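Open the model in your viewer and keep the selection tool at hand. The tour goes from one stop to the next, saying what to select and what is there.

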Amino acid sequence: MPGVTTPEDEFRGQKTSWGPMQVMGAVAREYGFKGPFSELNGALGIQYGVRHFVALYRRYYKSHGLKGVISAYNAGSPTNANQEYVNNVLQYAHDYEARN
């Protein structure tokens, strides 16, 4: 991969979350990202984060609702184990909507 100096760098990069949406390197690779992981620290990271969120929405929304989609974004699949995370995201969304 371009920008990756060793297999160990690639391994660590895939296990690390990157950018404003904290996209895992491995998830970005699954969606076709080929660049150095540091490129995910800006707008490109948002692009891959949204791509992943939309895929999870399509997969889980009908069966688990928005809370399940948010949970899956954080944990890989809908779970009740990360309810605090889900509640925080929903609160931030509510606060944002109230200000705008």
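**Stop 1: the largest pocket**

Select helix H3 to begin: this helix gives the largest share of the lining of the largest pocket, six residues. Keep in mind that the model is predicted. H3 spans 43–75.

Next, look at the space itself. The largest pocket holds about 270 Å³. Its lining counts 14 residues. To find the centre, select Gln22, Met24, His52, Tyr73 and Asn74, the lining residues closest to it.

Colour the lining by residue class. Ten residues are nonpolar and four are polar. How many are charged? The lining has no charged residues.

**Stop 2: the salt bridges**

For charged pairs, search the whole structure: two salt bridges turn up.

Select Asp9 and Arg12. Their side chains form a salt bridge, 2.8 Å from N to O. Both residues sit in helix H1, residues 7–14. They are three residues apart, about one turn of the helix. Is Asp9 buried or partly exposed? Asp9 counts as partly exposed, because its relative accessibility is 27%, between the cut-offs of 20% and 50%.

Terms used. Residues numbered from 1 in each chain as written. Predicted model: local features only at pLDDT ≥ 70, side-chain atom pairs only at ≥ 80, totals over all residues. Heavy atoms only, no water. 1 Å grid on protein atoms, 1.4 Å probe; cavity = no way out; pocket = protein on both sides within 12 Å on 5 of 7 lines; lining within 4 Å. Points joined across faces, edges and corners; volume = space filled by probe spheres on them. Helix = DSSP H or I, 4+ residues; strand = E, 2+ residues; numbered from the N terminus. Nonpolar A, V, L, I, M, F, W, Y, C, P; charged D, E, K, R; others polar. Salt bridge = Lys/Arg side-chain N within 4 Å of Asp/Glu carboxyl O. Buried < 20%, exposed > 50% of the residue type's maximum accessible area, 1.4 Å probe, protein only.
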